[in-house]
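Try each task before you read its solution.

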Amino acid sequence: MSAVKRHSSGLRDEYAALTRQRIVAAFVASLEGSAADDVPMSDVARRAKVAERTIYRHFKTRADLLAAAGEWIEDNVFGYVPFSSPDELPDIFRKLCKRFDRHPHLARAIALTRVGRAMRVDFRRRLIARHHEAMAPLTRHLTPKEVRQAEALAVYLNNALAWNALREDFGMSSAEISDAIEWALTTLLKDVRRRDALAAQEAAEGSGQSSRKRTAARRKTSVSAG
């Protein structure tokens, strides 16, 4: 391939990438500007200044566009704040609240609309998996049911659903929401640790009793044999 052809091909690729970005940004803007559970492609095309057929040339299916929009939001708007311990979650949620406040309509759409939740399905799976890993050291002796309950509550408290519910149903400010979630998470983690410690103690005592019973049985058998 000649230098001219390579340059021409590179320009086409660059233009295609820019067009994809413009379409995705337009889709997110349409979602943010509408309370509806659907985003018309005509609206996206108008905002992106492209023909509707151009959208489908870059995104073969609606699912492809939703996935791309979800990634765009994660990279450019709300994002993922890494953590290794559940004790970090209150501060992380406080940071997220500030981001939600900058884009309240988008945060609401992501939390409540079908299309918004579909966009973030992969993100939610990763977030649930991360909570599972972070909670594991605290729940080693709990039953599977208790572990599932603790993880579910931690995930629910640490997302846009909780922010939206406290904001719309109770009229809380961002600071009030952050304080309430911090209190709830701290209370939850304290109780999880208490339950796990109690379960560990009961397991140790049960093991000790079983050991003493086995020793007593051996002694009894030995005496009977003698």
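**Exercise 1.** State how the lining residues of the largest pocket divide by class.

*Solution.* Start with the classes: Ala, Val, Leu, Ile, Met, Phe, Trp, Tyr, Cys and Pro count as nonpolar, Asp, Glu, Lys and Arg as charged, and the others, Gly among them, as polar. The lining then splits into 15 nonpolar, 3 polar and 3 charged residues. This is a predicted model, where local features need pLDDT of at least 70, side-chain atom pairs count only at pLDDT 80 or more, and totals for chains, interfaces and linings use all residues. Residues are numbered from 1 along each chain as its sequence is written, and side-chain values use heavy atoms, with hydrogens and water left out.

**Exercise 2.** Find which helix gives the most to the lining of the largest pocket.

*Solution.* List the helices (DSSP runs of H or I, at least four residues, numbered from the N terminus). α5 (89-102), α6, α8 (121-135) and α10 each supply at least two lining residues. α8 gives the most, with 4 residues.

**Exercise 3.** Decide whether T19 is buried or exposed.

*Solution.* First locate T19: helix α1, residues 3-32. Next apply the cut-offs: buried means under 20% relative accessible area, exposed over 50%, partly exposed in between (1.4 Å probe, protein chains only). T19 has 2% relative accessibility, so T19 is buried. Finally, check its contacts (heavy atoms within 4.5 Å). Leaving out residues up to four places away in sequence, T19 touches V50, T54 and H58.
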